[in-house]
Amino acid sequence: MHVPFADIRRQHLSIRREIDAAVRRVVEQASFISGPEVDAFEEAFAEAAGARHVVSCANGTDALELALHAMGAGPGDEVIVPALTWISTAEAVSRTGATVVFADVDEETLLIDPEDVERRITDRTRILLPVHLYGQMAPMPELAALAGQHGLAILEDAAQAHGATLHGRPPGAWGRAATFSFYPSKNLGAWGDAGAVVTDDGALARAIRLRARHGQERKHEHLVEGRNSRLDGIQAAVLSAKLPHLDRWNELRRRHAARYDEALAAIETICTPARRAGARHVFHLYVVQTDARDALCEHLSSAGICTAVHYPTPLPFQPCYRHRGYAPSDFPAARRASQRILSLPLFPEMEQREIDHVVSSIRAFDHA
Ligand SMILES: *Cc1c(COP(=O)(O)O)cnc(C)c1O
């Protein structure tokens with residue numbers, strides 16, 4: 001039996017008519033860039049995300065860069081990001097001219113470790129940039145306390161956490177802003193690249209929008225030199241059609257995750273994902289840890305099961321940061337995790353028999 005890692009096609013087929021109608025609307029209006037579909041999605045997403053303002057943009061990496069820039073990050077500033085995340089989190093910092101400072105992660109949750117963050121704060125630190133990794137929110141109360149003590153701002157990278165909450169509060173309610181990606185495989189995915197920043201801060205939203213739209217508030221008046229980072233009409237229409245399903249899809253992810261949790265609990269060599277108290281985890285990824293990661297991965301592959309590793313090399317050890325000269329002992333938890341983590345197939349449309357096949361294959365491996 002073949003079990004895909006994720007299957008965007010299944011989701012598409014399940015709501016095909018709604019999507020087709022939405023795309024047809026865009027084509028008939030010829031509103032390919034900006035226009036009513038983009039405005040409508042921004043409004044709907046603000047409501048869903050519980051934020052006052054949403055600024056849509058071209059992708060989640062731009063969302064980070066635009067937000068950091070508007071928050072004042074620039075040359076001479078340091079921004080603290082987790083060692084275990086997708087490269088965008090760090091790239092966006094460097095694009096503003098600020099310096100990326102990596103902090104290690106908690107070895108159980110794999111989320112940024114506030115104690116290590118505190119050790120890395122200097123006179124130049126301006127912003128903390130936690131990532132709500134795999135769909136679980138970072139330790140925001142602890143980070144907010146640190147930010148308060150040291151006069152820092154917080155930006156949340158919520159690219160993997162549409163619909164997540166911590167103590168009932170969503171991304172963006174903890175920091176000055178949160179950024180989302182709508183890359184096709186994210187919990188809410190477009191038909192291409194798309195992203196957004198959410199914030200309750202009207203002045204910040206205005207600054208982000210200004211920069212993302214060539215510095216224009218009125219046509220042909222460029223208040224600042226900006227850039228071009230826009231959501232297109234087709235992506236907005238697809239996202240608007242999918243948004244009403246997001247809660248249900250997240251519930252399905254959570255249900256599948258609970259089934260994995262229960263079935264894998266008895267297997268001593270496998271650690272199921274640690275959950276923080278008070279967190280609504282939306283399982284963008286279901287990541288287990290085991291010392292036999294590579295062998296398990298191969299075993300599952302021979303049983304027709306696709307898995308992945310997020311991420312095999314912590315950012316400080318990537319070639320692009322080699323000049324920093326980090327040693328494995330600088331980020332011991334991220335380093336160890338990167339050798340033990342395995343993302344199992346998990347997507348809303350997954351069938352019970354597929355989950356059963358993954359579970360029984362892991363059991364067979366454990367007994368071998
Ligand atoms: C996907 C992702 C991004 C970037 O999103 P794009 O839309 O691909 O630019 C940023 N941060 C994290 C943690 C992500 O997973």
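Tutor: Val27, Phe32 and Ile33 form a nonpolar patch on the surface, and together they have about 270 Å² of accessible area. A patch here joins residues with over 30% relative accessible area and no salt bridge; nonpolar side chains (Val, Leu, Ile, Met, Phe, Trp, Tyr) are joined within 5 Å, like charges within 9 Å. A salt bridge is a side-chain nitrogen of Lys or Arg within 4 Å of a carboxyl oxygen of Asp or Glu. Accessible areas come from the Shrake-Rupley method with a 1.4 Å probe, and for residues only the protein chains shown count as cover.

The model is predicted: local features need pLDDT of at least 70, and side-chain atom pairs count only at pLDDT 80 or more, while totals for chains, interfaces and linings use all residues. Residues are numbered from 1 along each chain as its sequence is written, and side-chain values use heavy atoms, without hydrogens and water.

Phe32 lies in the loop between α2 (16–29) and α3. Helices (H or I, at least four residues) and strands (E, at least two) are DSSP runs, numbered from the N terminus. Phe32 counts as partly exposed because its relative accessibility is 40%; buried means under 20%, exposed over 50%, and partly exposed in between.

Seven strands form an open sheet of mixed pairing, in the order β1-β8-β7-β5-β4-β2-β3. Two strands pair if DSSP finds at least two bridges between them. The edge strands, β1 (53–57) and β3 (99–103), each pair on one side only. Strand β2 (residues 78–82) runs parallel to β3, joined by five bridges. Within these strands, valine 79 stands opposite valine 100 in β3.

Notes
Buried < 20%, exposed > 50% of the residue type's maximum accessible area, 1.4 Å probe, protein only.
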